[in-house]
Amino acid sequence: MHLTKKGLQIAVLYGLISGLFLALFLKVVEYFTHYKVYTLLLNVDYIPYVKTFVFPELIEVGFHQIVSIALAVCLYILIVYRKISSHKKIIFLSTFVCFIIGIALFPTTTFSDRTPEFTSIPSFSYWMIGHIIYGYILGLLFALNLTKNNTTP
């Protein structure tokens, strides 16, 4: 298993796909429940200087996609570096990392008046479900590519 340009390109694509799923999932949840989890996903109020600007939704989704792509590329590098070839281990790793990221990012809700209360159990639950599914999809895409090519992406 080697780090390849094609593997990096595939990781970028998988980051886009899974990132779009997470954004769509949280947007639908917010639409039907009115818990501001999609708003939290796109929120940049915790980033100095950037928080002084008001961005259109499409640009905010673009920021989210950049983070998703970066995460997918990092996971790809980790899978290659650690020589992980088991589908279950790839899916577990990806899901676990995204679970941890979900936990780590939820407290950023305290930096904004537009996002859910930190103590909102439903918001936290939807947020975590979204991140777990996001990680599972990302891991599944990597694992399926492994099956298809009999090599890490």
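Predicted model: local features only at pLDDT ≥ 70, side-chain atom pairs only at ≥ 80, totals over all residues.
What should the 29 residues of helix α1 (residues 5-33) span, and how far apart are its end C-alpha atoms? At 1.5 Å a residue, helix α1 should span 42 Å, and its end C-alpha atoms are 42 Å apart, so the two values agree.

**Whole chain**

The model has 5 helices and 0 strands, and reading along the sequence gives the pattern α-α-α-α-α. Its radius of gyration is 16 Å, close to the 15 Å given by the globule rule for 153 residues, so the protein is as compact as a globular protein of that length. Along the principal axes, the C-alpha trace spans about 50 × 30 × 25 Å. Colour by accessibility: 42% of the 153 residues count as buried. Among contacts with a separation of 6 or more, 72% are between residues 24 or more positions apart.

**Helix α1**

Return to α1 and show the side chains of its buried residues. These are G7, I10, A11, Y14, G15, S18, G19, L22, A23, L26, V29 and E30. An α-helix has 3.6 residues a turn, so residues three or four places apart point the same way. Then step past the end of the helix to H34, which follows α1 and has a positive phi, near 70°.

**The nonpolar core**

Next, select L26, L41, I90, W127, L138 and F142. Of the 34 residues in the largest nonpolar core, these touch the most other members. The elements that give two or more residues to this core are α1, α2 (37-42), α3 (57-81), α4 (87-105) and α5 (121-149).

Centre the view on W127. Leaving aside neighbours within four places in sequence, W127 is in contact with L26, V37, L40, L41, G102, L105 and F106. Of these contacts, L26 and L41 are also listed among the core residues that touch the most other members.

**T39 in helix α2**

Move to T39, which is found in helix α2. Is T39 buried or exposed? T39 has a relative accessible area of 17% and is buried, because the cut-off for buried is under 20%. Not counting residues up to four places away in sequence, T39 touches E30, R114 and T115. One of these, E30, is among the buried residues of α1.

**T109 and the loop between α4 and α5**

Select T109, which lies in the loop between α4 and α5. With a relative accessible area of 2%, T109 is buried. Show what surrounds this residue: leaving aside neighbours within four places in sequence, T109 is in contact with L40, T115, P116, E117 and F118. T115 is also touched by T39, and L40 is also in contact with W127.

Which backbone oxygen lies 2.3 Å from a polar atom of the T109 side chain? That oxygen belongs to P116.

**The cysteines**

Finish with C74 and C98. How many disulfides does the structure hold? There are 0. The sulfur of C74 is 11 Å from the closest cysteine sulfur, in C98, which is too far for a bond. The cut-off for a disulfide is 2.5 Å between the sulfur atoms. C98 is therefore left without a disulfide partner, its nearest cysteine sulfur being the one in C74. C98 counts as buried, because its relative accessibility is 1%.

Note on methods. Residues numbered from 1 in each chain as written. Heavy atoms only, no water. Buried < 20%, exposed > 50% of the residue type's maximum accessible area, 1.4 Å probe, protein only. Helix = DSSP H or I, 4+ residues; strand = E, 2+ residues; numbered from the N terminus. Expected span 1.5 Å × (residues − 1). Core = buried A, V, L, I, M, F, W, Y, C linked by side-chain atoms within 4.5 Å. Contact = heavy atoms within 4.5 Å. Polar contact = N/O pair within 3.5 Å; in protein donor to acceptor, adjacent residues only side chain to side chain. Rg over C-alpha atoms; globule rule 2.2 N^0.38 Å.
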